[in-house]
Amino acid sequence: MAMAAWKRVGVCLTAAAVVAGVAGCSGDGDGDGKKKAADSAQSGVQTQNEMTKVLQAAFKKTSEAKSSKVRMTMTMPAGLDGGGTMEMSGVQGWDPAVMDVTMKGSALTAGDPDAPEQIRMIMLDSAMYMDMGAEQAAEMDGKRWMKMDFGAIAEASGDPEIQKQMTGGMENMNQDPAQQLALLLESKSLKHVGPEKVDGVQTQHYKGTLTIEEMLDANKGLEGAFTDEEREQLVANMKKTGLKGYDTEIWVNEDNYPAKMVVGMQMDQGTMNMTAHYSDYGAAAEVEAPPAKDTFDFMEMMKELEDLGAGA
């Protein structure tokens with residue numbers, strides 16, 4: 001597989017991680033599902049208690065919705081493997097975790113004149129399917145969909161640490177936009193910016209910043225997953241990548257759903273920004289895997305390449 005195609009895979013996985021809320025955590029709403037974001041401090045700043053009630057109510061209601069449509073733009077700094085912009089639109093579901101989105105943009109096509117103008121990506125049953133395009137299909141007996149089974153990849157690694165990370169990644173992918181609300185509640189810099197209109201709808205705007213350590217502390221899904229030594233190493237490894245922290249902004253509409261979310265990941269190379277608009281909460285996310293005849297398995301391909309190398 002060409003290096004440009006591998007880059008597209010990497011960008012797809014990064015996008016999936018961001019849109020599925022990999023930085024998310026588990027949490028508990030306060031049950032105040034009837035609390036309206038626009039009911040509190042329409043003109044002025046909400047108190048800490050008011051912010052907490054609105055965000056907890058939004059967390060609870062969004063978690064229960066289990067699906068939404070998503071329209072996202074992600075911008076990566078030039079220092080991050082060439083950088084670029086990517087747009088994504090489609091549906092995502094949680095409980096169970098599913099996704100069917102189409103992506104396009106310079107981040108996918110940079111350095112590859114034969115790259116498809118857009119790529120469809122499906123996530124289902126702990127596996128990711130990526131449409132690699134007609135050119136790739138010509139090299140794979142007409143099969144254009146690549147399947148990456150995260151569980152199989154973890155098992156084949158034989159490395160307990162990789163298995164733990166892959167398992168944690170799959171658990172974190174089973175998240176929804178409300179998980180960012182739970183994280184935001186843990187921010188020491190949480191602020192209510194005020195009422196604003198998003199896509200023609202009245203919302204309340206909130207913002208805050210989390211360091212890597214605060215994000216890990218807030219992520220209840222990681223409790224007990226690492227020893228103190230492993231946690232220190234994880235933080236060190238994340239910092240080595242240049243990641244410094246997360247800036248999060250969320251706009252909650254009158255129905256207690258996040259209408260818009262902006263997440264900025266601060267890195268040495270610059271800031272990777274993700275802006276997402278959500279709608280149609282609760283609509284069924286009907287996602288199907290591509291036909292088996294059109295799919296090649298990433299692990300099987302790697303094994304074949306290994307066998308060819310061993311023969312040589």
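Lys-60 is partly exposed, with a relative accessible area of 27%; the classes used here are buried (under 20% relative accessible area), exposed (over 50%) and partly exposed (in between), with a 1.4 Å probe and protein chains only. The structure is a predicted model, in which local features need pLDDT of at least 70 and side-chain atom pairs count only at pLDDT 80 or more, while totals for chains, interfaces and linings use all residues. Residues are numbered from 1 along each chain as its sequence is written, and side-chain values use heavy atoms, with hydrogens and water left out.

**Salt bridges**

A salt bridge is a side-chain nitrogen of Lys or Arg within 4 Å of a carboxyl oxygen of Asp or Glu. By this rule the model has five salt bridges.

| Residue | Partner | N to O distance |
|---|---|---|
| Glu-64 | Lys-60 | 2.7 Å |
| Asp-100 | Arg-120 | 2.8 Å |
| Lys-293 | Asp-294 | 3.3 Å |

Glu-64 and Lys-60 both belong to helix 2 (residues 48–65) and are four residues apart, about one turn of the helix. Helices (H or I, at least four residues) and strands (E, at least two) are DSSP runs, numbered from the N terminus.

The salt bridge between Asp-100 and Arg-120 links distant parts of the chain, since Asp-100 is in strand 3 and Arg-120 in strand 4, 20 residues apart. Asp-100 counts as buried at 15% relative accessibility, whereas Arg-120 counts as partly exposed at 35%.

Strands of a sheet pair through backbone hydrogen bonds, either parallel or antiparallel. Here, two strands pair if DSSP finds at least two bridges between them. The model has an open sheet of 12 strands with mixed pairing, in the order 7-8-9-10-11-1-2-3-4-5-6-12. Its edge strands, strand 7 (191–198) and strand 12 (295–297), each pair on one side only.

Strand 3 (residues 98–104) and strand 4 (residues 118–124) are antiparallel and share six bridges. Within this pair of strands, Asp-100 stands opposite Ile-122 in strand 4.

Strand 9 (residues 245–253) contains Thr-248. Is Thr-248 buried or exposed? Thr-248 is buried, with a relative accessible area of 6%. Leaving aside neighbours within four places in sequence, the residues in contact with Thr-248 include Gln-180, Tyr-206 and Val-262; contact means heavy atoms within 4.5 Å.

**Aromatic residues**

Rings of Phe, Tyr and Trp (its six-membered ring) pair if their centres lie within 6.5 Å; planes under 30 degrees apart count as stacked, over 60 as edge-to-face and the rest as tilted. The count by this rule is two aromatic pairs. Tyr-257 and Tyr-281 are stacked, because their ring centres are 4.4 Å apart and their planes are at 10°. Tyr-257 lies in the loop between strand 9 and strand 10 (258–267) and Tyr-281 in the loop between strand 11 (270–279) and strand 12, so the pair ties together parts that are 24 residues apart in sequence.

Tyr-278 and Tyr-281 form a tilted pair, with 6.4 Å from centre to centre and 40° between the planes. Both of these residues are buried, and Tyr-257 is buried at 16% relative accessible area. Tyr-257, Tyr-278 and Tyr-281 make up one aromatic cluster.
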